[in-house]
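Hello, and thanks for bringing your questions. Let's take some labels one at a time and see what stands behind each.

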Amino acid sequence: MSRRRSAISRVLTWTTRGLAVLVVLAVLAVGGGILWLRGSLPDLEGEARLAGLGAAVDVLRDPDGIVTLRAQDERDAAMALGYVHAQDRLWQMDFTRRGGAGRISEVIGARALPFDRLMRTLGLYRAAEANYAALPAEIRDLLMAYAAGVNAFLTQRSGPLPLEFQILRYQPEPWRPADSLVWGRLMAVQLSGNWRDEVLRARLAKRLSPEQIDFLWPAYPKDAPTTLTDLAAATRDLPLARFANILPWELAPKAASNAWVLSGAHSASGAPLLANDAHLALSAPGQWVLTRIETPERTLTGATAPGLPFLVLGQNGHVAWGFTTTRSDTQDLFIERLVDGDPTRYETPDGPRAFETRAEIITVRDRAPETWQVRETRHGPVLSDAIAERLDHLPQSGTILALAWPGLRGDDRTAVALHRMNNARDVVEFRDALRDFHSPQQNVVFADRDGRIGFTAPARVPLRKKGDGRHPVPGWSGDYDWHGEIPFEDLPWTLDPPAGAVITANNKVVPEGYRYLLAADWQAPYRAQRIDTLVRDREGKKSTLADMAAIQLDVTSAAAQELLPRLLATDPTNPRAEAALSILRSWDGAMTRDAAAPLIFHAWAGALTEALLADELGNAFEAFQRPKVAILTAVLRDAPAWCDDVTSPAVEDCAAQLSAALDSALDGLDKRFGKPLPELRWGEAHVARFAHPILRHVPLAEALFGFAQETAGSGNTPNQGGFTYDADPARRYTNVHGPGYRAIYDLGNPDNSQFMIATGQSGNPLSPWYGNLAERWRDGHYLKLVGDGTVAPSHLRLTPR
């Protein structure tokens, strides 16, 4: 036995030593690989020569990697910005343009084909190319200069390409001007989402009455007409569930941003103050790059987007501006009817018409290219084609769905608007620049150094012959066709309102009686209500930058405050439920990281949502499983019939459902966290993980380069933290959507303005500036973009070649 043990011991010893050697070798390999990959970090000092540059440009980076460009004119600034963006965000820029062009399959493989088919069907890159051809020569020249800067870096760089290129094993192509413009088309897709609600209503029409469907959009007037009864048959055979989820989460519409402006009458300095926090998907790298651009004519400070030569959000020394999404309805789905089932022709008011078609060749990694046939109707591209695995697998229903949307037009001039905004000298010039802002529709607040403030919601918003845009409509009759767009002068706007303040947080922007249809549905106004309350609380007081920051960072939920009294009316059925209710009774609705109440509240609201809606909605419940306080409040206040479970013979009332939902929620929390209720922490669940689109799928890379922060807030707080609501309760509440950019502009002293982004300036995971700002962003800190060369640790000089 002892010999046997000795032999086993020797085997274990040598096995352990062997494993240790392998671990050491693996560590050395990883370490050597990382050392090699550090060569992908750009040169930040010295000199680089750029062909086509008119004069030298100084590129200063401060200790956080924030860039100041000093150029002699805007063309040189655009070229330098292209060079700098390529230094810091090359892979992000490349992957974004590939996404817009429907070319992800080239580097990912066949699993990206559904996305590429959709992009080719929409024709975003074709639209970008047409937009470029239609632009004034001055704007085309700036886009070409920017492209030249990107390409100068591509040809002059030394060392390996960044990590993502190594993982996917491909090389970037030269940059083209249309690559810049397709960024705007992709952003328009994210910020224009009405067609998804149209599909959802069509799905619900198979199960619910028109009155029940209207109830699920509480903001919509109860007495509004509905046409759903006539249209259910036309969409019955279309695979609407698949169609509703056609966009990946990153591009799916998500609407949340805040912007407000106070006139000098309300500020301590006597000059306007403007706050803006732009809410998009929280990812690494982030959407924005903090930038200061100095020329003899002006100084621009704020957020640039990798791939664009313009400042998107910011100030120019004369005017400051900020955006929120309008949530208007600029899209319609038209049900087109085939002629006798012929896939080449469809019905129109003037008789049969042939589809416009084009063949898109999609290159696919490790397999033969795919030829994708795109069909277009007089209304727009046939989106229902994009859900088929192959053309011969299309639904044989005799109908298809086509998308009408101004964002696909070839004469979109939004790039012209951005350039004119960057150069505006006062609010009058700035508002006039917005005439060219065609898509997506945005709420734009602005102020100038003369003390004037304003608001405009520019876009091409369609005028409909009939209908309210809530449902897919027949395309064959012509009854629902568009007949123009709302004139710019008639779009919502104001200059110097008597109240001296404008607040927008994706809430309704027009009063009752507005003569045009902007949207039939509006987002619940909880964030706007809270901001308005905080602003009004300061009436008679003079606001400072610190006061504006306190509002941006506020985490009190007006939605929770609305629903909470109805939850607290529940009679507890056990000591655990009583303990939960006790915690909620002493809670003010603040979604702080270390509190237990936010977690209990959200878990209860989720369980109650499932109890009230899942039985009626069936498979469509997935679109409503994220709790909507407006619906829950409306049920408990006005519509107790929803409390009955229609799948059971018994008749349940709301009191029983509230009690059962609380017990279910507490069971889920106990299973997931295993802690006493007072020890629960909202921050433990509400974590911002800043997922990377590629590295999150590579375990070692995610372990080495990933980062995360526990966060406060929720989807209805000014400091917004939109979270996942996965079918698996153990994966819920991850913070995935929030203020990736915060800014507060001081029109009295522009250099005193404050900024922050959620991750860092660099998109290279090996850079010290990849995620260095995440903790300061979480904790509500701000930076100033003053361009002080005396504290810049790096200075790169770009010179003509």
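This is a predicted model: local features need pLDDT of at least 70, side-chain atom pairs count only at pLDDT 80 or more; totals for chains, interfaces and linings use all residues.

Q: Why are helices α6 and α8 called roughly perpendicular?
A: The axes of α6 (residues 137-156) and α8 (residues 177-190) cross at roughly 105°. Angles of 65 to 115 degrees count as roughly perpendicular, and therefore α6 and α8 get that label. Their axes come within 8 Å.

Q: What makes the contact between α6 and α8, and how do its residues divide into nonpolar, polar and charged?
A: From α6 come L143, M144, Y146 and A147, and from α8 come P177, S180 and L181. They divide into 6 nonpolar, 1 polar and no charged.

Q: How do you know that the side chains of E370 and R117 make a polar contact?
A: The distance is 2.9 Å, and the cut-off for a pair of N or O atoms is within 3.5 Å. The pair therefore counts as a polar contact.

Q: Why is the aromatic pair of W682 and Y733 called tilted?
A: The ring centres of W682 and Y733 are 5.6 Å apart, with 55° between the planes. Centres within 6.5 Å make a pair, while planes under 30 degrees apart would be stacked and over 60 edge-to-face, so 55° is tilted. In the whole model the count comes to 20 aromatic pairs.

Q: What does the pair of W682 and Y733 tie together?
A: W682 lies in helix α22 (residues 682-685), and Y733 in the loop between β25 (722-723) and β26 (735-746), so the pair ties together parts that are 51 residues apart in sequence. Both W682 and Y733 are buried. They also belong to one aromatic cluster with F723 and Y725.

Q: What makes T711 count as buried, and which polar partners does its side chain have?
A: The relative accessible area of T711 is 4%, which is under 20% and therefore buried. A polar atom of the T711 side chain lies 2.7 Å from the backbone oxygen of H686. The side chain of N735 makes a polar contact with that of T711 at 3.0 Å. Among the residues that T711 touches are R593, W682 and W777.

Q: Why is helix α16 described as largely enclosed by the rest of the structure?
A: Of the 8 residues of α16 (residues 545-552), 6 are buried, so the helix is largely enclosed. The buried ones are L545, D547, M548, A549, I551 and Q552. What covers them includes β4 (257-262), β5 (273-281), α15 (526-536), β26 and β27 (754-757).

Q: Why is D366 called exposed, whereas D496 is called partly exposed?
A: Exposed means over 50% relative accessible area, and D366 has 74%, so D366 counts as exposed. D496 has 34%, between the 20% and 50% cut-offs, and is therefore partly exposed. Phi of D366 is near 65°, a positive value in a residue other than glycine. D496 has a positive phi of about 50°.

Technical notes:
Residues are numbered from 1 along each chain as its sequence is written. Side-chain values use heavy atoms; hydrogens and water are left out. Axes are lines fitted to C-alpha atoms, for helices over the stretch in contact, and angles run from 0 to 180 degrees between N-to-C directions. Helices (H or I, at least four residues) and strands (E, at least two) are DSSP runs, numbered from the N terminus. Angles under 35 degrees count as roughly parallel, over 145 as roughly antiparallel, 65 to 115 as roughly perpendicular and the rest as oblique. Contact means heavy atoms within 4.5 Å. Ala, Val, Leu, Ile, Met, Phe, Trp, Tyr, Cys and Pro count as nonpolar, Asp, Glu, Lys and Arg as charged, and the others, Gly among them, as polar. A polar contact is a pair of N or O atoms within 3.5 Å; within protein, one must be able to donate a hydrogen and the other to accept it, and residues adjacent in sequence count only if both atoms are side-chain atoms. Rings of Phe, Tyr and Trp (its six-membered ring) pair if their centres lie within 6.5 Å; planes under 30 degrees apart count as stacked, over 60 as edge-to-face and the rest as tilted. Buried means under 20% relative accessible area, exposed over 50%, partly exposed in between (1.4 Å probe, protein chains only). Lists of a residue's contacts leave out its neighbours within four places in sequence.
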